[in-house]
Amino acid sequence: MRSGLLKVVLALTFVLPSSAQTAGVINTVAGNGYQGKFGMSGPAKAAELTSPNSVAIDKEGNLFIADLASEHIFRVDASTGNISVFAGTGAGGYSGDGGPAKDATFNHPFGLAFGPSGDLYVTDSRNNVIRRIDMSTGTIDTVGGNGFGAGPGDSDPCGTLVAGKKAKNTALCNPFGIVVDASGNIFFTNASSQVLEIAASTHIVSIIAGTGSYGYSGDGGPAIDASLSWLPGIALDRQGNLYVVDSSNCAIREVTTTGIISSIVGSPSSLWSGNCGLAGDGGPASAALINGPFGISIDPSGNIFFSDKGNNLVRMISASSGNIYTVAGSYANGSGIFGYSGNGGLAVNATLAAPQGVTADLSGNLYINDNENFSVREVTQPAAGLN
């Protein structure tokens with residue numbers, strides 16, 4: 001059972017001037033729409049990104065982007081809008097612990113999350129470790145994983161996780177999504193479709209959810225006895241409940257503080273898969289269909305946002321009604337529209353291309369890794385008017 005829960009650390013950000021706060025308007029804040037590695041010392045909107053996977057926001061409103069394939073973490077300055085390399089040399093590898101994060105090497109940095117002291121945590125997925133960047137010194141170190149667990153690719157088989165050991169002595173298997181609570185406990189997902197915790201007080205690894213076998217089962221029972229399949233995202237609410245993106249099952253699953261799992265979106269078609277599709281807007285989330293969800297975030301009001309990657313949409317579960325809505329991206333004839341359009345207009349009229357990580361800030365603004373448009377986009381207060 002998880003230890004020391006629990007308050008969620010919500011990412012802090014700057015507040016746009018009130019004159020700029022028009023609910024549901026989308027704009028690009030980083031990336032020019034072309035894939036590449038140029039422009040990393042000037043305006044973020046003119047820079048080229050390679051594979052923006054996740055984004056986090058510090059208390060000053062600076063954006064940090066895990067650019068998976070370029071082996072970098074970029075920083076977008078809140079005051080100037082300029083982008084720079086924050087961590088990583090761009091060469092794949094595993095080095096640099098104890099020194100400046102800029103001089104370190106990564107192997108597919110996947111997820112980002114800020115902890116209660118302001119340090120940035122990174123799932124260095126193909127190195128099978130979790131790393132922490134001290135924001136006061138810029139120094140990087142490893143806090144979880146011994147560097148062994150899987151081969152060089154996400155699909156390579158992993159060994160059996162041995163829980164109950166110190167985090168730095170534990171073989172992890174491609175850690176993906178990550179969130180850190182107000183006590184410093186680290187929750188993350190892995191390629192074995194499990195949810196794990198590193199306790200802040202003991203540094204011991206424990207299993208929160210998942211048997212390690214792929215499938216779709218367990219709703220209504222203990223999360224540790226459930227089966228899940230491909231978990232790229234995780235979030236935590238103010239009460240300490242965890243929300244996990246069960247992507248291959250086309251589901252969003254909740255793990256309560258008592259350790260019980262349920263699907264808040266999605267239903268099994270068998271013990272091995274869920275029902276996928278596009279349906280349900282305006283009605284109960286429990287009756288909706290989604291397709292290949294990826295990132296997830298919770299705003300200060302408790303609204304749950306997730307990227308419906310396979311449908312090229314971002315959708316929201318209302319905290320007040322439990323209904324589901326599309327907040328970014330558009331669709332027609334039951335299919336999401338793949339594209340790159342809509343800046344300066346309503347987000348629900350825009351087009352996205354395989355959105356991945358999403359992050360809500362304290363003002364209710366939403367940041368989207370528009371992955372195949374090689375950009376990060378912002379939607380101002382998308383929940384406004386939907387609650």
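The model is a predicted one, so to speak of local features takes pLDDT of at least 70, and side-chain atom pairs count only at pLDDT 80 or more, while totals for chains, interfaces and linings use all residues. Residues are numbered from 1 along each chain as its sequence is written, and side-chain values use heavy atoms, with hydrogens and water left out.

The β7 and β8 strands belong to an open sheet of four strands, ordered β6-β7-β8-β9 with antiparallel pairing. At the edges sit β6 and β9 (140-144), each pairing on one side only. On average, neighbouring strands of this sheet are turned by 30° against each other, direction ignored; the axes behind that angle are lines fitted to C-alpha atoms, and angles in general run from 0 to 180 degrees between N-to-C directions.

Going through the sheet strand by strand, β6 meets β7 (residues 120-124) over four antiparallel bridges, and Pro 109 has Asp 124 in β7 as its bridge partner. Strand β8 (residues 129-133) is mostly covered, as four of its five residues are buried; buried means under 20% relative accessible area, exposed over 50%, and partly exposed in between (1.4 Å probe, protein chains only). On to β9: four bridges join β8 to β9, again antiparallel, and Arg 132 stands opposite Asp 141. This hairpin has six residues between its strands, with Gly 138 in the turn at a positive phi of about 80°.

Aromatic rings come next. Rings of Phe, Tyr and Trp (its six-membered ring) pair if their centres lie within 6.5 Å; planes under 30 degrees apart count as stacked, over 60 as edge-to-face and the rest as tilted. The count by this rule is seven aromatic pairs. Phe 110 and Trp 230 make an edge-to-face pair, 6.3 Å centre to centre and with 80° between the planes. Phe 110 lies in strand β6 (residues 109-114) and Trp 230 in the loop between β13 (205-209) and β14 (234-236), so this pair ties together parts 120 residues apart in sequence. Phe 110 is buried at 5% relative accessibility, whereas Trp 230 is partly exposed at 28%.

Trp 230 also pairs edge-to-face with Phe 294, at 6.2 Å centre to centre and 75° between the planes. That pair links distant parts of the chain too, since Phe 294 belongs to strand β18 (residues 293-298), 64 residues from Trp 230. Phe 294 is buried, at 6% relative accessibility. Together with Phe 176, the residues Phe 110, Trp 230 and Phe 294 form one aromatic cluster.

Elsewhere, Ser 318 sits in the loop between β20 (313-317) and β21 (324-328). Ser 318 is buried, with a relative accessible area of 3%. Its C-alpha atom is separated by 7.7 Å from that of Gly 302, 16 residues away along the chain.

Key: Helices (H or I, at least four residues) and strands (E, at least two) are DSSP runs, numbered from the N terminus. Two strands pair if DSSP finds at least two bridges between them.
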